[in-house]
Amino acid sequence: MSRIAAYAIRYRITPVDPQAHLFEVRLEIDHPDPQGQRVTMPAWIPGSYLIREFARQVVSIEASQGTRRLALHKVDKHTWQAPACQGTLRLRYRVHAWDLSVRAAHLDESHGFFNATCVFLRVVGRDAEPCSVTIEAPSAASDWRVATTLPRAGARLWGFGRYRAGSYDELADHPVEMGAFTHARFEAAGVPHDIVITGRHDADLARLKKDLTAVCEAQIRLFEPRTARAPFDRYLFLCMAVGDGYGGLEHRASTALIFPRNNLPHAGMTGVPEGYRGLLALASHEYFHSWHVKRIKPAAFARYDLERESYTRLLWVFEGFTSYYDELMLARSRVIGVGDYLKGLASTVSQVLRGPGRQHQSVAESSFDAWIKYYRQDENSPNAIVSYYAKGALVALCLDLEIRSQTAGRYSLDDVMRLMWRRFGRHFEREGKGLAEDAIGPLVLEATGVQIESQLLDWAHGTAELPLQALLAGVGVSLTLKAPDEEAPALGVRLSTRGGDLTIGTAYTDQPAMRAGLSAGDVLVAVDGLRVDERSLKQLLARRQPGDPVTVHAFRRDELLCVTVRLAAGPATEASLSLDEKAADPAVRLRRGWLGHHD
Ligand SMILES: [Zn+2]
């Protein structure tokens, strides 16, 4: 008996037609359900909270048993049922893979990438069973290799061949890249970390390795200060360098990242340019998720239901805290300076303050409705919703500073993270326990002795403004706010230029343009009788005062509108943060604890 027969569920995937972007999958199921086996494609991928209905990309499917062809019955949009049969059920199907993102599948003549949730049908009722996955090479490209953290079952490291997974959940959590990629390796806390880059690039790999080593070691030590033990025995950064594109998806021992190739460090580069800082923050963010959401989880995610939405009000904890720590860990590991850190934090503050939606939706509500709101944004989203990433990060900042201030620096949010790690994360695979929806207040109290329930009601479950100025002052950091163009009055719109047309992207609630009857989609033609583009409009407004009327001509579809807009001073949304040189000693001590003993 060959080793492969030890698995009763066997997948075999072949990049069968890269020009047509088709993977072929053959699935063998021993002992199928005698009533008729069902197979189903997931509707979403964990980490990205939108129903994507991956079954849409299955272009053909057939079933057989022995030499007998079986008729498959489609039961619902993503489920097929085979007729009752004995012995091994065989399915053969093709999946179209032309979505160059971290959450789907992509195949052309340069490379292939897939998440199991897009290509591997689940065998209904047998998610908990182990399976084998044979990854085949394309017939044409001889220099392709495989990058994945799927456990190997015969395949050589970086080789095509047989891999395995202990369950469908594990299978779904190890994306696979194949191609002629760049590879670099470093060690953090004794654990090998691989970087794989697909796409043309001229990266300074030595710089990237040095910076990522510092960030990864700092995170491992944050969660396990005593043992410095990572929760995986190897980690993989799967990077896609593109002209334009941005995103990341977390997995238990890897992450898939997509970013502009110009964000990579290059030879002779000095300092940390903004693009590179963004890339490091993205890598830091997804790496932090290895603990926080892949192992410490909301109870709602302890077992993902891949057929429908999984609701939790805690994404502000899992995405917000992660967004808080992603750049903070860059500062603490000294990969970026304190000045750069404060610049990034200020831009998060501005991002939250620009959206009037923060007055209508709490981060807990934003978490719950992520499926229909945050992930499905439209022209009114800034008026209606708040980001559980950006505001969640500021809530984390407030919690951290409040704990530090109330305990004179003895405790911090780090202690809460470590308690969550010990209680839920470290043994998640064995115990499968997740956080209850109301767990945060009691955990903060237990970890730090600070009673935080009433603040949580305001900050996470309410829409009041966060006390950022006061809390930052307590750690010797000054926050100042001003209008975007201090000197000029504003229309109260977000503009974009599309095909040469100056178009309103969003008309902000209760701002002058909306009050005058202008809306998203309207094309601005002239102001006070003069044709405008983005630059000339700015110049014109700079010569007016708040309260002045201006005449605006705009097209709504093909109809010309003429309205009078009464200008107003822009709201003070633009934040800047600086170290307070006159801060008292206790504040400076707290600041050093917060940012890692340097400034
Ligand atoms: Zn995230």
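**Exercise 1. Find which residues R185 is in contact with, leaving aside its neighbours within four places in sequence, and decide whether R185 is buried or exposed.**

Solution. Two residues are in contact if their C-beta atoms, placed from the backbone, lie within 7 Å. Leaving aside neighbours within four places in sequence, R185 is in contact with P192, H193 and D194. This is a predicted model: local features need pLDDT of at least 70, side-chain atom pairs count only at pLDDT 80 or more, and totals for chains, interfaces and linings use all residues. Residues are numbered from 1 along each chain as its sequence is written.

Next, the count of surroundings. A residue is buried if 20 or more other C-beta atoms lie within 10 Å of its own, exposed if 12 or fewer, and partly exposed in between. R185 has 12 other C-beta atoms within 10 Å and is therefore exposed.

Last, the setting. R185 belongs to strand β16 (residues 182-188); strands (E, at least two residues) and helices (H or I, at least four) are DSSP runs, numbered from the N terminus. K209 is 24 residues away along the chain, and its C-alpha atom is separated from that of R185 by 7.4 Å.

**Exercise 2. Describe how α5 packs against α6 and α9.**

Solution. Axes are lines fitted to C-alpha atoms, for helices over the stretch in contact, and angles run from 0 to 180 degrees between N-to-C directions. Angles under 35 degrees count as roughly parallel, over 145 as roughly antiparallel, 65 to 115 as roughly perpendicular and the rest as oblique.

- Step 1: α5 (residues 315-332) and α6 (residues 338-354) pack at about 170°, with axes 9 Å apart. The two are therefore roughly antiparallel.
- Step 2: E327, L330 and A331 in α5 meet V338, Y341 and G344 in α6.
- Step 3: the axes of α5 and α9 (residues 390-406) come within 7 Å and cross at roughly 75°. This pair is therefore roughly perpendicular.
- Step 4: on the α5 side of the contact with α9 are residues including W316, F321 and Y324; on the α9 side, residues including A390, V395 and L397.

**Exercise 3. Which residues have the most contacts inside the largest nonpolar core?**

Solution. A nonpolar core is a set of buried Ala, Val, Leu, Ile, Met, Phe, Trp, Tyr and Cys residues joined through C-beta atoms within 7 Å. The largest has 147 residues, and A105, V119 and L257 have the most contacts inside it. Its largest share, eleven residues, comes from α5. Apart from this core lies another of 20 residues, among them L518, V532, V552 and L567.
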